Amino acid sequence: MQSIFQKIKEIALDIDRAIKDQEMGYSEQCNASGDDQLKLDVYADELVEHGLKELPIVRALISEEKEEPMPVHPEGKYTICYDPLDGSSIVDVNLSVGTIFGIYEGEPCGETLRAAAYIVYGPRLEMVTVTAGDAVQHYRCGSSQLFNLQCEEVRLEEKGKLNAPGGTQKNWSPRHKAFIDSLFAEGYRLRYSGGMVPDLHQILLKGGGLFSYPGTSDKPEGKLRLLFEVLPFALIYEAAGGEAVDEQGRRLLEITPRHPHDTSPCFFGSRYEISRMKEAYGVA
Ligand code: P6P
């Protein structure tokens, strides 16, 4: 696994440079989910693909930016699913964005997820990693271009203070709106940038709270993709002592996608907030 994390660090430095140097225009393409692709999306996708293909341990790759899985080394052990530049639509206004990796052994699903990592491209370049069964680790890249360990065991508090409610509010169910409003009535502070990676990174490092992207009238199955967005963060949040569930209160890591680009409604947070969600959704 360390060879993968090391390669991710190298890729992160390349994408960080590209964000600073590349133009922000749109390509003529769109991805498998129908999202318009920035030239930067395409370039970041190439950087991840070419970097990971150098590792003999990689059996296959699945990218948010490509419809089909990419076979790599037949004797490889892991299938790596990734979102090369999540939140790229906000990079042109200089908000933080990220890259997300799920490292699966066998057919990719919650149960075969062996490790996860994400990179945050913000005022500082940072990385968070976890191997199933181990602690969540947080790294920061200094001017030396080295990733220095900041915390060897990132933990969520039992209850947090931050609330990151995703999705178009006019398309929320009345049940979801009542639940989100009840958290604000308890004094939670709104922290939502529209970038999944910095929004979840903030809650993780600030001790807790809730990030939610529910099913909505326009997106009944949610917006966030299981293999390369939802499941990697589910592994990280559970390893940090939190929970990650769908609208039935089921662990997201118990889900097996039918298609590589399947999405799921998702709730990530500290135990208290997830218990409140289960009460509000009647799935406690
Ligand atoms: P909304 C970015 O496009 C993204 O995929 C995630 O990074 C983010 O959490 C979500 O979409 C934001 O979606 O509908 O709240 O703007």
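Biologist: Which residue with a positive phi follows helix 5?

Modeller: Gly-241 follows helix 5, and its phi is positive, near 95°. Helices (H or I, at least four residues) and strands (E, at least two) are DSSP runs, numbered from the N terminus. This is a predicted model, in which local features need pLDDT of at least 70 and side-chain atom pairs count only at pLDDT 80 or more, while totals for chains, interfaces and linings use all residues. Residues are numbered from 1 along each chain as its sequence is written, and side-chain values use heavy atoms, with hydrogens and water left out.

Biologist: How many of the 14 residues of helix 5 are buried?

Modeller: Twelve of the 14 residues in helix 5 (residues 226-239) are buried, and the helix is mostly covered. Buried means under 20% relative accessible area, exposed means over 50%, and partly exposed lies in between, with a 1.4 Å probe and protein chains only. The buried residues of helix 5 include Leu-226, Glu-229, Phe-233, Ile-236 and Tyr-237.

Biologist: Which residues touch the most other members of the largest nonpolar core?

Modeller: They are Leu-204, Phe-211, Phe-233, Ile-236, Tyr-237, Leu-252 and Phe-268, in a core of 40 residues. Helix 5 gives the most to this core, with ten residues. The elements that give two or more residues include strand 6 (97-104), strand 7 (113-121), helix 4 (196-205) and strand 13 (209-213). A nonpolar core is a set of buried Ala, Val, Leu, Ile, Met, Phe, Trp, Tyr and Cys residues joined through side-chain atoms within 4.5 Å. In soluble globular proteins, nonpolar side chains tend to be buried together.

Biologist: Turning to strand 6, how many of its residues are buried?

Modeller: Eight of the eight residues of strand 6 are buried, so the strand is largely enclosed by the rest of the structure. Val-97, Thr-99, Phe-101 and Ile-103 point one way from strand 6, whereas Gly-98, Ile-100, Gly-102 and Tyr-104 point the other way. In a regular strand the side chains alternate between the two faces of the sheet.

Biologist: How many bridges join strand 5 to strand 6?

Modeller: Six bridges join strand 5 (residues 78-86) to strand 6, and the two run antiparallel. Two strands pair if DSSP finds at least two bridges between them. Cys-81 stands opposite Gly-102, and Asp-86 stands opposite Gly-98. Strand 6 also pairs with strand 7, in the antiparallel sense over eight bridges, and there Phe-101 has Ala-117 as its bridge partner.

Biologist: What is the order of the strands in the open sheet?

Modeller: The open sheet has eight strands in the order 4-3-5-6-7-8-9-10, with mixed pairing. Strand 4 (70-71) and strand 10 are the edge strands, each pairing on one side only. Strand 10 (residues 147-151) pairs with strand 9 (residues 137-141) in the antiparallel sense over four bridges, with Tyr-139 and Leu-149 as bridge partners. Five residues lie between the strands of this hairpin, in which Gln-145 takes a positive phi near 70°.

Biologist: Now the ligand. Which residues are around it?

Modeller: Among them are Asp-86, Gly-87, Tyr-192, Met-196, Phe-211 and Glu-229; the criterion is a residue heavy atom within 4 Å. The shell divides into five nonpolar, four polar and three charged residues. Here Ala, Val, Leu, Ile, Met, Phe, Trp, Tyr, Cys and Pro count as nonpolar, Asp, Glu, Lys and Arg as charged, and the others, Gly among them, as polar.

Biologist: Where does Asp-86 stand relative to an oxygen atom of the ligand?

Modeller: An N or O atom in the side chain of Asp-86 is 2.5 Å from an oxygen atom of the ligand. For Tyr-192, a polar side-chain atom lies 2.5 Å from a ligand oxygen atom, and for Met-196 a backbone N or O atom lies 2.8 Å from one. The protein covers 81% of the 400 Å² of accessible area that the ligand has on its own, computed by the Shrake-Rupley method with a 1.4 Å probe.

Methods
Polar contact = N/O pair within 3.5 Å; in protein donor to acceptor, adjacent residues only side chain to side chain.
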